[in-house]
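Please open the model in a viewer and keep the sequence panel at hand. The stops below are given in the order in which they may be selected.

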Amino acid sequence: MLIATDPQALEKLIKQEEMLIIEAGKLEKLRQPLIKELAAALGMASGQTALSAFINHADSQISAKLTVIREQFTGITDELAQLNKLNERLIQQSLDYISYNINVLSQTMAESTYVPKGQNGEDRNRRSILDTKA
């Protein structure tokens, strides 16, 4: 969407992302007390609420399912990290392009070091694409 410069589609995607973030926050608030309760029921320390700790305390069937879930989750987070890096590069390229264009559009002619006798270099008219005095 950034490359195709489709602002409407990008705005729609951002709204969807915001809704998903809000929903994830709600689910996280529900998850935290359940994890603490499960850890207490298994006799685990309150700080040991990582998925790997639950895998070690579960029976073999549940441990296998949790291992698969952990691998899927790791794959998803790795993919998200790669996408975030790509987005970062695309955004930086866009910012560089915008900055370059702003510099080109607002650039004034450089003054020469030497001016004719009796003239001040600042008195000469400068050419610019943009009227910066307006």
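This is a predicted model: local features need pLDDT of at least 70, side-chain atom pairs count only at pLDDT 80 or more; totals for chains, interfaces and linings use all residues.

Residues are numbered from 1 along each chain as its sequence is written, and side-chain values use heavy atoms, with hydrogens and water left out.

**The whole chain.** Display the protein chain as a cartoon: there are 3 helices and 0 strands, in the order α-α-α from the N terminus. Helices (H or I, at least four residues) and strands (E, at least two) are DSSP runs, numbered from the N terminus. Of the 134 residues, 7% count as buried; buried means under 20% relative accessible area, exposed over 50%, and partly exposed in between (1.4 Å probe, protein chains only).

**Helix H1.** Select residues 7-41, which form helix H1. Its end C-alpha atoms are 50 Å apart, in agreement with the 51 Å that its 35 residues should span at 1.5 Å a residue; the expected span is 1.5 Å times one less than the number of residues. After H1 comes Gly 43, whose phi is positive, near 75 degrees.

**Two salt bridges.** Select Glu 11 and Lys 15 for one of them, with the closest N and O atoms 3.6 Å apart. These two residues are 4 residues apart in helix H1, and therefore about one helical turn separates them. Lys 15 is partly exposed at 48% relative accessible area, as is Glu 11 at 45%.

Next, select Glu 28 and Arg 31, whose side chains form a salt bridge at 2.8 Å, N to O. Both lie in helix H1, 3 residues apart, about one turn of the helix. Glu 28 is partly exposed at 29% relative accessibility, and Arg 31 is partly exposed at 40%.

**The second largest pocket.** On a 1 Å grid over the protein atoms alone, a pocket is an open set of points where a 1.4 Å probe fits, with protein on both sides within 12 Å along at least five of seven lines; lining residues have an atom within 4 Å of a point. The volume of this pocket is about 220 Å³, taken as the space filled by probe spheres set on the points, which are joined across faces, edges and corners. H1, helix H2 (51-57) and H3 each supply at least two lining residues, and the largest share, 3 residues, comes from H1.

**A nonpolar patch.** Finally, select Ile 76, Leu 80, Leu 83 and Leu 86, which make a nonpolar surface patch of about 340 Å². Patches are made of residues with over 30% relative accessible area and no salt bridge: like charges are joined within 9 Å, nonpolar side chains (Val, Leu, Ile, Met, Phe, Trp, Tyr) within 5 Å. Areas come from the Shrake-Rupley method with a 1.4 Å probe, and for residues only the protein chains shown count as cover. Leu 83 lies in helix H3 (residues 60-106) and, at 42% relative accessibility, counts as partly exposed.

Note on methods. A salt bridge is a side-chain nitrogen of Lys or Arg within 4 Å of a carboxyl oxygen of Asp or Glu.
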